[in-house]
Each structure stands twice: as C-alpha cells, then as structure tokens.
Amino acid sequence: MSTLAGKYIVLGLSGGIAAYKSAELCRALVKAGVTVQVVMTEAAEHFMTAVTMQALSGRPVYTSQWDAREANNMAHINLSRDADAIVVAPASADFLSKLLHGGADELLSLMCLARPIDQVPLIVAPAMNREMWSNPATQRNVLQLKADGVQVLDVGQGDQACGETGDGRMLEAEEILDDLEAFFSPKPLAGKTVLVTAGPTYEAIDPVRGITNLSSGKMGFAIARAARMAGADVTLVAGPVHLPTPRKVKRINVQSARQMLDAVQQQVDAAQVFISTAAVADWRPAHSADQKIKKDGSGQTPQLGFVENPDILATVAHSPRAVSGQLFCVGFAAESHDLLAHATAKRIRKGVPLLVGNIGPATFGQDDNALLLVDETGARELPYASKQTLAVQLMDDIARRL
Ligand code: C5P
C-alpha cells in the first residue's frame, strides 16, 4: 500500500501550461487513496477549468479567498489546518517569487503563508521556460525557498511548450507521485548506499545469438525503488530488461555476468548493503564468435562448449569489507521445490547473512510474489503480496539488521 494512502493533500495550481499534468496528478493521488482538495489561482484557471479539477478530485475547487462557502470566510486558514501537505504543481516562476517574499494577495499564496510551518510541509513542482528557470532570480528564489524549508522538486528536461528545449519542464505526474511517496516514507536507510543487481544476464554465442533466462528484473527494480524510498543512495546494476529506471536511482546497464561483476566491483566499495537479485547465467559459451555462425546446409550443428561464470555474490560476500561486517550482503534463491532446505544451504554456501528464497517459476515476470527470509536463526515468511510491497518489507528487515 502506498505511503500516501489516507493522506489529505491540498493541491495548488498556479498559472502555467504544465497545469494539464495536474489533472493526471490529481487522478493518480486519488487512486493512491489521497483526499485531494484543489486550490487554483486565477492564472491557473486560464489553463485548466475548476470543473475538470472538481470532477477528478471529487471535491469543489477553491479559487478565491472570498469564498462564501466558508462560514468564517477564512478559507486560507480552514484549508491548511488539517492538510498533511500542500503541493503546488505547477509552481510558476511568479508563484515561487511570491512564496519567497511572503506574498498573499490571492488564496493559494495566502494559504501557503498561513500554514502552520512545522506541521504542514510545502512541496512545489516548478514549471517554466528554460530561460526563466536558469535566470539568476529564479535560482536565487529556489535556493532561498529550500533554506526556508520548502521542498522544491526537480524540474524535467526536454521540449517545452514554447518550442525551446531545456530544463524547466514540470515533472510528469507519475514522477511527482513517486517523490511524494518518498517524502512520506520512513527513512530507515538514510545515509546508506545500497547496491542492487537485477534482471538476467545475456551470454553471447555470436553477435546475434546468446543464452539468457526469463528473469524480468521486476523484483530487483522494486527493491531499488524501495531502498530509495527508505532514504538510501541506490545504484542498480541491470541486465538486459525493458523496465523504467526508478526515480533517483543510478542505473548501470550490463549484458554479461562478467560485465555485471565488473560494474559491481566498481561500485561496491561505496556501499553498505549489496542485494543480489540478478538471475546471473551460471555458464557462458566458452567461445563467442566474432561473426554470425552460419548454417551451411550440411545438417551439422555448432558444438557449444560452456565455462562457468564468476559467482558475483560469493565473490563480494567473501571480500574483506563483507567479512568484517562493513558490507551487508543479501542473496536471492529462485527454487522450484524444497525452498527452505535449498535456501538454507545456499545461504551458507554463498557466505551471506541473509538469503531470500522464492519459487522461481511462480515469480518470473509476475507482479506478485512471496518471500522466505533465511538467516542464521531460522526463516521468516513475507506472504504473497506485490513485489513493491515485499520490497518495502525487505528494506525494513535489512535496515533493522544494520
Ligand atoms: O547459485 P544460484 O544462482 O542459485 O544463487 C543465486 C544467488 O546468487 C542470487 O543472489 C544471484 O544474484 C547470485 N549469483 C551471482 N552470480 C552468479 C550466480 C548467482 O551473483 N554467477
């Protein structure tokens, strides 16, 4: 379940073309279980209608500090007192400047100024033309707003409505949702660096063929996302999968087991936790042909010899930092039967303090799974749930062990 479920968020829209994304954001927040109260500036109403935002939020929109629906006529006070956060998206250059100076000539800025600053976080998603964004005035405002405790989200990069290209786009609704979820998540891994491997590896036979496996990478990507939500700096070494990179996660793409080992060895010294979810190919072809192996019509098949790949997890788990306890290593085991016995034996063989077992054929490519956490004291089951949920539970468990 999302950390946003049950929250009450006041979603403010200031004037900017990115306001069209706020409709999507509103919908996504409601879907995540958030009660959304929309407040729009007059400028915002030039881009979106209050009718649209009311329909999506299921609540009448506030656009004026003179709204007679409030018995005491103090919408700015009433709206902000119970909010878990005020999220302004889009936050225009003008609105940021207004916030900075404590301007309060319309309901949204008035409400931001009137919020109990220690209880109601203010989160803004800037949106503007690239020149406006890079202007020293805006950059100064952003710095000062951060110093004042405002959470200023990143801006996106790319094509802008004005026809120019650069920084200043508002983040996509999904990205804002992710950042809000991270904001509300407990941070048991704050200050830690977590290195994750995920997906299959691909071992080339020739330039167009190779051997791989059915690992989708979903569990490893969910773990990388959950580690970021839990406050860690995360590096994800990914085999060939077509999954979007979780936000704020550094991704390194590799193909083969040997490339994965190289990437892991380059990153692991900075990490306190190594989680090896990748389904690394046990063997690779002894020789990878430089040119495509041709069928010559004789009916002869190529003779493929195999050599064993390095065991990345065992290599890392036997390194001095892991042995001395500075690096906590977690292995995965995808088994088809006798999960407890195999996982217990594998934990000892790999030399890791924690091994996570799951039933391989049941989980490959799926969005749900069940996990068995095996350590030196025994086993604990994380029952069937989405991989995202399990990943969050696993991060909590790992954080307690550090
Ligand atoms: O031996 P097995 O492949 O079942 O072990 C699974 C665990 O070992 C997983 O954590 C996997 O990421 C890791 N592993 C590895 N390098 C290999 C094989 C497996 O890191 N060559």
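Modeller: I start from Ile176, which touches Leu25, Ala89, Ala125, Leu153, Met170 and Leu171 when residues up to four places away in sequence are not counted; contact here means heavy atoms within 4.5 Å. The model is predicted, so local features need pLDDT of at least 70 and side-chain atom pairs count only at pLDDT 80 or more, while totals for chains, interfaces and linings use all residues. Residues are numbered from 1 along each chain as its sequence is written, and side-chain values use heavy atoms, with hydrogens and water left out.

Ile176 lies in helix H8 (residues 173-184). Helices (H or I, at least four residues) and strands (E, at least two) are DSSP runs, numbered from the N terminus. Ile176 counts as buried because its relative accessibility is 0%; buried means under 20% relative accessible area, exposed means over 50%, and partly exposed is in between, with a 1.4 Å probe and protein chains only. Of the residues it touches, Ala125 is 51 residues away along the chain, with 7.7 Å between the two C-alpha atoms.

A cis peptide bond joins Ala89 to Pro90, with omega at about 0 degrees. Most residues other than glycine have a negative phi, and most peptide bonds are trans. Pro90 is found in strand E3, and strand E3 (85-91) is one of the elements against which the buried residues of helix H5 pack.

H5 (residues 107-114) has seven of its eight residues buried, so the helix is largely enclosed by the rest of the structure. The buried ones are Leu107, Leu108, Ser109, Leu110, Met111, Cys112 and Ala114. Besides E3, they pack against strand E1 (8-13), strand E2 (35-40), H3, helix H4 (93-101) and strand E4 (122-126). At the start of H5, a side-chain oxygen of Glu106 comes within 2.9 Å of the backbone nitrogen of Leu108. That is a polar contact, a pair of N or O atoms within 3.5 Å; within protein, one must be able to donate a hydrogen and the other to accept it, and residues adjacent in sequence count only if both atoms are side-chain atoms.

Glu106 is also touched by Gln65, whose other contacts, leaving out residues up to four places away in sequence, are Asn73, Asp105, Leu107 and Leu110. Gln65 sits in the loop between helix H2 (50-57) and helix H3 (75-81). Gln65 counts as buried because its relative accessible area is 15%. Asn73 belongs to the loop between H2 and H3 and is partly exposed at 36%. Its phi is positive, about 55 degrees, although Asn73 is not a glycine. Lys248 also has a positive phi, near 65 degrees, in a residue other than glycine; its place is the loop between strand E11 (233-238) and strand E12 (249-253).

The ligand comes next. Residues around it include Ser276, Asp282, Pro310, Phe332, Lys346 and Lys350; a residue is near a molecule if one of its heavy atoms lies within 4 Å of it. A backbone N or O atom of Ser276 is 2.6 Å from a ligand oxygen atom, and a backbone N or O atom of Pro310 is 2.8 Å from a ligand nitrogen atom. From Lys350, a polar side-chain atom lies 3.0 Å from an oxygen atom of the ligand. The ligand taken alone exposes 440 Å², of which the protein buries 87%; accessible areas come from the Shrake-Rupley method with a 1.4 Å probe, and for residues only the protein chains shown count as cover.

For the chain as a whole, there are 15 helices and 19 strands. Its C-alpha atoms fill a box of roughly 80 × 55 × 35 Å along the principal axes. Buried residues make up 50% of the 402 residues. Among contacts with a separation of 6 or more, 67% join residues 24 or more positions apart. The chain exposes about 19,300 Å², and carbon and sulfur atoms supply 51% of that.
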